[in-house]
Amino acid sequence: MSTLYKAALSELENTFNRLDDAEVDKAVEMIATARKIVVFAGGREKLQIMGFAMRLFHMGLAVAVEGDMTTPPVGKGDLFIVSVGPGEISTALALLGVAKAAGASILVLTAQPQGRAAKYADFVLHLPAQTMADDQGEKKTSVLPMGSLYEGALFVLFEVMVLKLIDMLGISPEAMRTNHTNLE
């Protein structure tokens with residue numbers, strides 16, 4: 001394995017060594033008890049959270065990706081999950097305000113828990129990885145460019161959250177496969 005692969009994998013390992021698994025369990029509990037779930041992220045984070053939404057759908061949960069034409073309104077009993085690695089982006093802040101005013105619970109995933117997005121959250125899941133908020137100069141810690149470490153860590157985190165939800169909700173692989181599209 002080349003040095004670059006080893007460095008990237010080491011950085012991911014370091015991220016998860018610093019992640020508080022009890023916080024992950026709390027986030028999973030919020031998902032498990034939500035009436036319906038809407039997810040949002042921007043840029044490459046959106047690609048990761050869309051994959052997570054797909055797995056939540058496979059588990060039979062009521063989930064939508066914000067921006068899709070079939071996204072339902074959120075309100076009391078619902079959960080709005082937002083990934084905003086750098087701590088804030090204008091679109092996330094606007095949507096968080098709408099969800100908060102509507103009474104939805106809010107879960108924010110971020111590498112910058114001091115950012116403005118976290119102030120809207122009922123719970124903040126801190127994923128300690130480099131983002132574009134700290135990818136230059138002395139703050140730069142990753143061999144990966146820009147926010148790639150955070151985005152890669154999101155993929156792994158979401159897959160582990162899926163495993164925890166499967167266990168918590170007693171969902172079988174057969175049930176998940178039943179919800180997989182047949183239009184491929």
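Which residue forms a salt bridge with D122, and how far apart are the closest N and O atoms? The partner is K100, and those closest atoms are 3.7 Å apart. The legends below begin with this pair.

This is a predicted model, in which local features need pLDDT of at least 70, side-chain atom pairs count only at pLDDT 80 or more, and totals for chains, interfaces and linings use all residues. Residues are numbered from 1 along each chain as its sequence is written, and side-chain values use heavy atoms, with hydrogens and water left out.

**View 1. K100 and D122 form a salt bridge.** A salt bridge here is a side-chain nitrogen of Lys or Arg within 4 Å of a carboxyl oxygen of Asp or Glu. The pair links distant parts of the chain: K100 sits in helix α4 (residues 90-102) and D122 in the loop between β4 and β5, 22 residues apart. Helices (H or I, at least four residues) and strands (E, at least two) are DSSP runs, numbered from the N terminus. K100 is partly exposed at 36% relative accessible area, and D122 is partly exposed at 43%. Buried means under 20% relative accessible area, exposed means over 50%, and partly exposed is in between (1.4 Å probe, protein chains only).

**View 2. The side chains of K164 and D25 meet in a salt bridge.** Look for the N to O distance of 2.6 Å. Because K164 lies in helix α5 and D25 in helix α2, the pair ties together parts that are 139 residues apart in sequence. K164 has a relative accessible area of 21% and D25 has 36%, so K164 counts as partly exposed, and D25 does too. Salt bridges that share partners join D21, D25 and K164 into one network.

**View 3. E151 and R44 meet through their side chains in another salt bridge.** Here the N to O distance is 2.6 Å. E151 belongs to helix α5 and R44 to helix α3, so this pair ties together parts 107 residues apart in sequence. E151 is buried, at 11%, whereas R44 is partly exposed, at 49%. A search of the whole structure finds seven salt bridges.

**View 4. The largest nonpolar core has 39 residues.** Such a core is a set of buried Ala, Val, Leu, Ile, Met, Phe, Trp, Tyr and Cys residues joined through side-chain atoms within 4.5 Å. I31, I37, I81, L107, L109, L125 and M161 touch the most other members. Helix α5 gives the most to this core, with nine residues. In soluble globular proteins, nonpolar side chains tend to be buried together.

**View 5. Strands β3 and β4 run parallel and are joined by five bridges.** Two strands pair if DSSP finds at least two bridges between them. S83 stands opposite L109 in β4. Five of the six residues of β4 are buried, so this strand is largely enclosed by the rest of the structure. L107 touches residues including A27, M30, I81 and L125, not counting residues up to four places away in sequence; contact means heavy atoms within 4.5 Å.

**View 6. S148 is found in helix α5.** S148 counts as buried because its relative accessibility is 15%. S148 and A129 are 19 residues apart in sequence and 9.0 Å apart in space, C-alpha to C-alpha.
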